[in-house]
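Subject: Structure for you to look through

Dear colleague,

I am handing over the structure we talked about, with its sequence, and below it you will find some notes on what turned up. Please keep the view open beside you while you read.

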Amino acid sequence: MSETPTRDGYLLEVRGLRKYFPVRAGVFARVSGWVRAVDGVSLGVSPQETLGLVGESGCGKTTLGRTIIRLLEPTDGDILFEGQSILALRGKDLRTLRRHMQFIFQDPYGSLNPRMTVSRIVGEPFAVHGTARGRERRRLVSELLERVGMGPEALDRYPHEFSGGQRQRIGIARALALNPKFIVCDEPVSSLDVSIQAQILNLLEDLQGEFGLSYLFIAHDLRVVAHISRRVAVMYLGRIVELAPTDELYQQPLHPYTRALLAAIPVLDPETKQKKIRLAGDVPSPINPPTGCSFHPRCPLGDQTCREQEPELLELTPGHFVSCSKAGE
């Protein structure tokens with residue numbers, strides 16, 4: 001099992017987290033297998049830190065984020081928030097926890113109720129938790145909208161009247177309503193134009209400094225992650241294969257998969273020669289993952305040892321963890 005060593009002082013800590021989805025078949029819908037979307041992940045996020053999480057589509061990034069926030073219930077493992085396990089929380093206790101852990105969704109079009117005004121959408125957390133009513137709620141919503149760059153004229157309008165960037169600002173305002181400490185940002189800029197992406201990233205950084213927020217920032221664009229993250233975790237087929245400080249990961253990647261991701265980033269300077277790394281085949285199915293190292297069927301360095309033994313996530317240099325027996329070759 002590949003796990004990232006953890007330490008004291010984390011705001012959020014994940015230990016050996018797994019999330020499997022049943023595959024059902026036949027007339028009686030019996031379980032015939034399991035989709036191993038998250039398969040033994042351990043990581044931690046410090047106070048006021050942004051931890052980037054990258055990987056190809058389908059590697060389990062969003063499932064991990066939703067499981068951490070308990071929008072999905074984990075199959076195994078533990079999640080600690082401020083040192084307390086949150087998996088046993090139910091009812092009122094879980095609702096209280098949700099004030100401190102929020103989620104910004106990827107799709108600014110589908111994450112907002114088209115039948116509700118912006119005032120109701122952003123004010124809904126206040127209504128659910130009973131923290132503000134009437135004019136006080138409307139005042140707080142107006143202040144939140146102003147903080148994310150929108151005026152009070154937006155209060156009584158509907159989501160379809162706004163652009164994608166404006167809708168994402170509304171989603172951010174909703175996530176901020178209850179003064180959370182930790183926010184999962186699930187590819188919050190992937191569906192936006194490049195110029196709008198920069199505005200939203202700058203807004204998230206400003207809000208982090210102002211409110212002392214911690215982020216788990218999920219993305220597939222490594223340039224975006226480099227801009228906002230202090231550390232980066234690379235995920236492949238439900239597991240963390242490399243984790244390191246951002247500068248070190250980008251300058252000295254040790255895992256072959258990380259190198260391939262970085263080599264795929266377009267270079268704007270036509271005079272710059274960049275070595276391309278072509279991976280063989282497609283991502284294996286999480287229903288039937290390969291034995292040994294999950295990356296070995298596509299790895300240019302894979303050998304018999306890789307096919308038979310699952311590598312552990314080890315700290316090769318201070319703060320730099322990698323799950324590969326041939327790291328750095």
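How many nonpolar, polar and charged residues does the lining of the largest pocket have? Please bear in mind that this is a predicted model; in it, that lining has nine nonpolar, two polar and three charged residues. These 14 residues include Arg98, Met101, Gln102, Pro125 and Arg174, which lie nearest the centre of the pocket, and the space inside comes to about 380 Å³. At least two lining residues each come from β6 (101-104), α3 (118-129) and α5 (164-176), with α3 giving the most, namely four.

The second largest pocket has a volume of about 200 Å³, and among the residues that line it are Phe126, Leu140, Leu144 and Phe211. Here helix α4 (residues 134-147) is the element that gives the most, with four residues, and by class the lining has eight nonpolar, one polar and two charged residues.

Turning to the sheet, you can follow eight strands in the order β6-β7-β8-β3-β9-β10-β12-β11, which form an open sheet with mixed pairing. Because β6 and β11 (314-317) stand at the edges with a single partner strand each, one side of each is left without a neighbour in the sheet. The partner of β6 is strand β7 (residues 182-186), paired in the parallel sense over four bridges, and Ile104 has Cys185 in β7 as its bridge partner. Helix α6 (residues 194-211) lies across β3 (50-54), β6 and β8 (214-219), and runs at about 160 degrees to β8.

With best wishes

Definitions and conventions
Residues are numbered from 1 along each chain as its sequence is written. This is a predicted model: local features need pLDDT of at least 70, side-chain atom pairs count only at pLDDT 80 or more; totals for chains, interfaces and linings use all residues. Side-chain values use heavy atoms; hydrogens and water are left out. On a 1 Å grid over the protein atoms alone, a cavity is a set of points where a 1.4 Å probe fits but cannot get out, and a pocket is an open set with protein on both sides within 12 Å along at least five of seven lines; lining residues have an atom within 4 Å of a point. Grid points are joined across faces, edges and corners, and a volume is the space filled by probe spheres set on the points. Ala, Val, Leu, Ile, Met, Phe, Trp, Tyr, Cys and Pro count as nonpolar, Asp, Glu, Lys and Arg as charged, and the others, Gly among them, as polar. Two strands pair if DSSP finds at least two bridges between them. Contact means heavy atoms within 4.5 Å. Axes are lines fitted to C-alpha atoms, for helices over the stretch in contact, and angles run from 0 to 180 degrees between N-to-C directions.
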